[in-house]
Amino acid sequence: MRTLRTPLDVRPVLLAVFFRTPLKALFPSLLLVLGLWATGLQDVHAQDHTVTGTVISADDGAPLPGVNIVVKGTVTGTSTDLEGQYRLDAPSAGDTLVFSFVGYQVQEAPIDGRAVINVSMQLADVGIGEIVVVGYGTQRRETLTGSVSAVSGDKLEKAPSINLANTLSGRLPGIVTINTSGEPGYDGATIRIRGNNTLGDNSPLIVIDGVPDRSGGLDRLNPRDIESVSILKDASAAIYGSRAANGVILITTKRGRIGKPRFTLDFNQGVNQPTRIPEMADAATYVTMLNELNEYRGLPPAYSEEEIDNYRNSTDPWLYPNTDWFDETLKPYSMQTRASASVSGGTDAVKYYISFGGLTEDGYYRNSATRYDQYDFRSNIDGRITEALTLSFDVSGRLEDRNFPTQSAGATFRMLMRGKPHLPAYWPNGLPGPDIENGQNPVVTGTDVTGYDQDDRYYFQSNLKLAIDVPSIEGLSFTGNVAIDQFARDRKFWNTPWLLYSWDYETYDAEGNPVLNGASRGPTEPELRQWSETGRDILTNFVGNFQRDMSNFSYSALLGVEYQKETFSGFTAYRRNFVSDQIDQLFAGGRDLQDLSGSATAGSRLNFFSRLNFDYQSKYLLEFVGRYDGSYIFPKGERFGFFPAVSAGWRLTQENWFRNAVGFIDELKLRVSWGQTGNDRIDPYQFLGTYAFGGGNVFDNTNVPSLFQTRIPNPNITWEVANQFDVGIEAAFLNNRVFLEVDYFNNLRTDILHFRNASVPQTSGLSLPRENIGEVASTGFDGSVTYSHNTGSKFQFEATLNLGYADNEIKYWDEPPGAPEWQRSTGAPMNTGLFYQAIGVFSDQAEVDSYPHWEGARPGDLIFEDVNGDGVINADDRVRINKTDQPKWNGGINLSASYGAFDLSMLFQGAAGAVQYIQTQSGDFGNYFKEYADQRWTPENPDAEGPRAFQREEEYWIANRNTYFLRNTNYLRLKSLEVGFNLPVRLTERFGLEHLRVYMGGFNLLTWDKFKLMDPEARNESGSYYPQKRVFNLGITTAF
Amino acid sequence: MKNYLNTLTLALALGTALGLSACNDALNLNPLDQISDAALWEDPALINAYLNDIYLGMRHGLYEVQLGSLVDETHFIHGYGTNEVVQSITSASAAGVWSNGRTNTPIDAYRWGPVYSRIRQVNILLQNIDDSGIEDEDLRNNVKGEAHFLRAYFYHNLLRAYGGVPIITEVYALDDDLLVGRNTFEETVDFIVAEAQTAADLLPMQPRNLGRATEGAALALKARVLLYAASDLYSENPANELVGYPGGDRTARWRAAKNAALDVMNMGLYQLYNRQGDPVENYTQLFLENGDHEEIIMSRFFLEERGDGYNPGLHNGPNGYRNWAGNTPIQQLVDDYEMADGTEFDWGNPEHAADPYENRDPRFYASILYDGAYFRPRPPEGAEIEPQGIIQTFEEVTLPDGSKRPGLDTRDGPIEDWNGGYSGYYLRKFIDPSINHSTSEKQIVPWRFFRYAEVLLNYAEASIGLGEEGDAREAINQIRRRAGMPDINDTGQALLERYRNERRIELVFEEHRYWDVRRWKIGSEVYEDAQGIQILAEATNYQDRSTYSNYQYDPIFIQDRGWQDRAYFVPIPNDEIQRNSNLVQNPDY
C-alpha cells in the first residue's frame, strides 16, 4: 500500500543534488556570465583628468571598499577597491565628484584641478536623513508630513524566518503581527496596522514595487531582495484611496547602483522545531480520569486499580503503553536551507540588480511529507536611453512548491492533542498502532504513506516603466507604467489507503508474540483530485510630476491615473477507484463517480490621484493628497469615491529662535494629518439580486441542479470610509544620536459594511447583504526611540525601542434590541465575546445548593456567577469581556552592535492585552492537558483549583463559553538573534573577496509568558494546529 | 531630440486617455458565476433549479444525531447537546441540540432561522411564478403545487416544534415592519391544512414522483397535521392559544383527521409493502429498497456520486466494525417489542428473562442489532478476532481456562472502545449490510417522509378518538398482519395503549416518536433513566458462537433522563426573542 513519491517529481532530487555540490558550481558560473555581460555594458569615455585617492570612514578611519564615485552630471564613475582606493578619469579638472555608500552621507568634492582627493565619509544620521518610499514616489524623511515607518531590507535579513511577514514582527511601531502557524508554506503572520479598525477585513494593502495587491503577497519575497519596507499608517495613505483604509505596506526591491559588478552569495542552514509542545496527561492519569467520567455518569469503572498501576509502572509495553504522541510523531528538529545569489552594479547608462534564491524547508513530522521548496529570481534593470529618458524593466518569477500529506496539519495535530496515552503509536515490534478514528494515527498521517498533496504555485511578475524628463519644461516629468502579473497553480491530491495494526490484547502466536491484525484505512481505493488555476493582473498607470525649487520656496505636484484589471479561472477534476496505486494520473482512475467543476471571477478598478507638496524654507511643510477611485465592487452610482488628505509639518529646528533657545535638539518636527481613505474588501456585486448554484438535488434518480438567492441586493452599497487623524513629533538630539518619533492617532471608521442580522428577525427569512451601517473609533499611539553610538571607536551600537497601543470602540452597529444592558457590544471593542463568569468550582453538594446554578450542576462543576442576581443562571448572566485575541500593546526592542570584526543583532518582541480561549477535545475520545489533569476536582480533592474531568462537550461549562478557559497571552520573546564575524580584509583579499561573513542566530529563541499551554500566538481554540517555529541558523555570506 | 521626447510624452498621454475611456466601461462587470434575478424567472429550467433547492429544506432523518435520541428510542453516545434534551433541562438560551450552530443533526428541519429562510424561498417563487417564463399552465400549476406543499411541510415542522408561529406568506424587504407576532395554534393548523389542500388540488394524481411532491404527499401531510391538531396536548391546553385550542369541538377535529386519512386511503394508489415472504426480510427491505414502491408516498433520494453525507451505518453501527455507535437503541424500546404471539415481554417471566431475544415481533430483528445477531462480515482486523460477523455486546464471556473476554462491540473491546455503545444494542433499520460502512463508501438508501403505514395508523388513532374502535382495529391489524404479528381485539383504554405501542414499533426511528409522546402528553412516563443490557456468558470456543451458553441478562442504568412539562415545546431561541419584541416565548421558558 505504501507509495513512494511520484517518480515524475524530480525536483526534490534536483534540490538535494544542488545542495550537495555538483550543481552548486552552477551559481558562480551563472553569476560569472551575468557579470561578464554587465561589465561589457560599461561605457568607455574620453579621459581628460585623472584623479586618485582613498576613501575612509570618518568613524574609525578604516578604508571603505565599494564606495560609488561618479562625476556629477555625467555617466562616468567607478568604485573603491579593497583598500578604499580609487582611480577615475574625469572629463575635466573643473568637475565635481560624488561619493556615495550605503549607510553613509553622500558627499560631493569639486576637483578643482587636484590629482589626489581623499575623502572621509560620515555615517548617515539615524532616521532623519533617510529617503522614505511613499505612494508613487519617495520623500526625504525631514520633509515628510505623514506617519510613515520604514525599515531597510538588511534588518529584515537578520531574522532567519522562511517567511518575510514574520521578519516584520517587532520591527516597526504600530505594526501588529500574529504568527499563528509554523507549517511550511503556511507560516505567515497576519499583519495589522494600528490594530483592527473595521468589523470587516482589516488586512492592509500591500504594494510591491508600485503594484497594489500583487498575487502571492509579501510572504514569499526573498528578504535579500528587499531594499526597504515602508508602512503608511495615517491619511497619507489616501493616495491609495479605496484600499488604503487599513494602512499600506510599500515594498521596494533592490536596484542596481553605479559601480563595478558586485556579487553576493549567501547560504544558510537552519534547524527548526516547535516553539512549544503541549504537555498532556500520561496513561495512568488519563485512564483514571476515564474512570471518573464513568463514576459521574453512574457507571462502573472501566479500569481496575491494578490496571492503572500497570500503566503507571509501564509493566508491559504491549498491554500497558504510556505514549507521548508528540514525541512519537515529531522529530527533535527539522532542516531548513536557504541560498541566494545576486549581482548588481551598473554604469550611468545601465544599472542592474539580478538575483536568484532557493530554499527548502522540512516539516516537523518524522518522515515528514510536509515540505516547502521555493525558487525565485528577480531582474531589475534600469536603462538610461537618453539624458531625459529612462526605461526600467523588472521581471521576477517564483515557484512555490508545497508538499503535504493527505491529512491536513489540523487533522494530524487534532489527533496529537487527542492522542490517547494508553494506546500505542507503534507496537513494540515497530508496526504502527491503531487510530482513535478515521485511520488518523498521527505517526502515519504526517508521512507520505497516505499519498500526497502537492501544491505548486507559479508567479511571473513584470514591470515596464518609462520615465521622461520633459526637456522643454524644467521640473516636469512623466512616467508610464505597465505591470503584468501572471499566476498559476497546480494542485494534485493523491489519496491512497494505508495500513494500521490493531491487537485484540488476547491472541498470541506459538512463540508467545502478540498477533497483530493489519487493516487498510483511508479510502478503499486510491483517488485523485487535481486543480488547475490561473490568474492575471494587469496594471497600467500614467503619472505626471512637476517640481519647482525657488530660493525660499519649493513645490511639487503629482497627478496620475491608473487602471487595474484582474481575472481568475480554474477547474478541478476527480476520479476514484484507481486500479492500482502505481499510476497517479487521472486517466487511470475509474470513470464512475468522476467529478468535474470550475469557476471564474473578474474585477477592475480605475482611479485618479494627486499629491501637492509645498515647502517654505524646509520649515513649513504642507501636503495635499487626493484620489478619485472607482471599483467594480459597487453599483454604478456609488462606484466612485473621493479620498482626500491634508497634512502639515513644522520643523522648529529651522527656526532661529528655537535653535538659539534649545541648542541640544538637532531636529524637531511637529506634524499633523487628517484625511479619508476607503475599504472595499467585501464580496463583489452585493448590489445585484443574484442566484448561485447550490449542491443540487436528486429527483428521478438523477442529479439535478439547484439555485438559491445569494442575498437580497443592496443597491446603495458603497465604500467604507476611514477618517484618520494623526499628530506626531519627530526629534533628534544629542548630536543626532537619539532619534525619537511618537504619533497619536484617532480614527473613525464610518459606513462600515456589516450585516444587520442581529436585529432583523429570522422570520423574515432574509439573507442579508452588507450595508454601510457600522461606526468604529480607534485610538492609540505608537512611537520609537533610537539611540545610536557609532563615533570613532571600533565599537558601534544602536538600540531602538518601539511601542504601539491601539484600542477601538464600536460606536454604532446592529445589535439585538432586547439584549441586556451589560451585554451590549456598542461601546465595547470589536469582536469581543460574551462569557459566563467562572468564579470557582463547586467543592461539594452543599455549595451547589447554596448558590444559583445551572440545572443539573454537581460538585466539581464550575460556578457561573449569577450576574443579574435573579437566582437563575441563564444567557443573561453572560458578560462581555473587552479583550480579544488581538493584542492592544505591541512592541519590540532592537539591539545591534559591532565590535571590530564581530557584529550582533537582537530583537525582542512582545505583545500584551490579548486573550485566547483554549479548550481541548477531551474525554473518552481525547487526552487532557497535564495542567488540567493536575488541577482537576475529584471527590478526594474537593478543594481543587480546576473543575472535574469532563466528557467532550457534555458539561454545561464546556458547552457554554466561560472565563475559566480564557487565558492571558501576554508575552515577550527573543524573536531573533544574529551574531556575525567578518573575516579580516587581509584574509579575504587573498581569496579575492570583498568580504566574508559567518553568522549564526535564531528565531523565536526564548519566550516569557503565562500562557504556558501552547505558544502564546496560538489562535486555535482546541490546539489542533501546526505550532510556531523556533529556528537555529548558521550562515555564510560573501561578496566580491 | 527634444521633439521626439515631446511626441513620446504626447503619445503616452493620448494613449492613456484613450485607454481610460475604454476602461470606464470596464468597471461594469457582471459576476461570472451567478445568475441575475431577471434571467432566472424567464427560464423554466432555472425556475426548476430554484425549486429543486427548496426541497433540500425538508432535509432527512439520517444525520449523525437522530431525533430518536431525544426520546425513548435511542441513546446518542457522543453528546452533541442531546443529554440536555433527554434530561429536559434545556432553556431558551441553552437549548442543547436545538441550539444554533449544531451541525449534522436533523434539527435544521425544525430550527427557527433555517426553516423561515426556506419559507421565504417559497414565497419568492409564488410571487414570481405567474409572470414567469413557464407558459404552460399545467407545468406552472405543478410548480405552484410543489411550492404550496413545501410551504405546508415547513410550517408543519414549525408547528410540531413550537406550536403556533408567525405565518408569513409575503416576501419581506428590509424596510418592511419585520416584527411579526405569533399566530395562534389554530390559525397555524388551518393555514397548513389549506396549503396542503391547495397543493393537492394543483398536483397530479400519481402515486409518487421519485422525490417530488404529489397529491398523495399533500393529502398525507394534511392527514398528519389534522391528527396532531386533535391530540391531547393541544386539546387540553385552553390557557394559551399559541400552543393549543382554547376550546372548540374536539370530535370535529378527530373527524377531520379521520376523513383526511381516509382520503389518502381512498386514492387507491398505496398499499402496504409485502413483497418478501419472510416478515423480517420484508420489513428490512421496505426501507432498503432503493427507488419507490407501493407503500411509499414521498422520499428523499441520494446518489452515490453526490456523496450526500448520508452514512447511517458508519454513524450508528457497532465499534467492532469501526463504526461510531452514535444512536443506540435503549432497553425500554427493546422491551416494548411484543412476543411473536402478541403477548407482552416481561422480565418477570423467567422464560423471557433467560432468552430475551427469542420469539419476538419480527420487526425487532429487522430494526435492532442485539448480542448474537448476525450483521455482516467484519473488516479485517475484526474478522481475525470474530470471524462469524455476529454482534458481541456481552460484557464478558468466560472461557474453559477461566479467562474472560469482553464483547468486541462494547466499550471494553479492543477496537475503538471509546466509540462503543452503552446500551448493548445497535441500529439495524435503514442500515444496508452489504456495505462496509467504515470506509468512505456511502449507502444510498432513501429516507421516507410519508409511507402508507403511517396513514393507516393516523386513521386508527382518529378512529379511537371518535370511539370507532372497529375501524381502528382493522387498520392496526393490517399493519400487524404484514409484520407477521397476530391480530388484536382490544377495546377502550387497552386498545389505545396497544395502538400507541404499535405506532412506536412500526414507525420506530422514523422521526415520529419524539412528537408522538408530546402530543399524547406522556412525557413524564417515557422520560425515565435509560437502560441497557448487561450480558454474561460462557463458551468453549470464543470464535464459535454456537459454543456459547449460560447467558445471563440484566438490565442496567446507562443514561440519566428526566422530564419537565416545558419540554412539550421547543423554546423559541433567545436571540430571536431579543430581535422581535412581539414574539411570545413558549410556556415556562
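**Strands, sheets and a buried side chain**

Modeller: Strand S32 (residues 690–693) of chain A is joined to S35(A) by 3 bridges, and the two run antiparallel. This is a predicted model, in which local features need pLDDT of at least 70 and side-chain atom pairs count only at pLDDT 80 or more, while totals for chains, interfaces and linings use all residues; side-chain values use heavy atoms, with hydrogens and water left out. Residues are numbered from 1 along each chain as its sequence is written, and chains are lettered from A and ligands numbered from 1 in the order in which they are written.

Biologist: Which residue stands opposite A:Ala692 in S35(A)?

Modeller: Strands of a sheet pair through backbone hydrogen bonds, either parallel or antiparallel. Strands (E, at least two residues) and helices (H or I, at least four) are DSSP runs, numbered from the N terminus, and two strands pair if DSSP finds at least two bridges between them. Here A:Phe708 in S35(A) is opposite A:Ala692.

Biologist: What is the order of the strands in the open sheet?

Modeller: The order is S35(A)-S32(A)-S1(B), 3 strands with antiparallel pairing. Strand S35 (707–709) of chain A and strand S1 (34–36) of chain B are the edge strands, each pairing on one side only. From one strand to the next, the twist averages 35 degrees. Angles run from 0 to 180 degrees between N-to-C directions, and axes are lines fitted to C-alpha atoms, for helices over the stretch in contact. Helix H3 (residues 44–55) of chain B packs on the sheet, touching S32 and S35 of chain A together with S1 of chain B, and its direction makes about 80 degrees with that of S35(A).

Biologist: Is B:Gln392 buried or exposed?

Modeller: Buried means under 20% relative accessible area, exposed over 50%, and partly exposed in between (1.4 Å probe, protein chains only). B:Gln392 counts as buried because its relative accessibility is 2%. B:Gln392 lies in the loop between helix H16 (380–383) and strand S6 (396–398) of chain B.

Biologist: With which side chain does the side chain of B:Gln392 make a polar contact?

Modeller: A polar contact is a pair of N or O atoms within 3.5 Å; within protein, one must be able to donate a hydrogen and the other to accept it, and residues adjacent in sequence count only if both atoms are side-chain atoms. The partner is the side chain of B:Tyr542, at 2.9 Å.

Note on methods:
Contact means heavy atoms within 4.5 Å.
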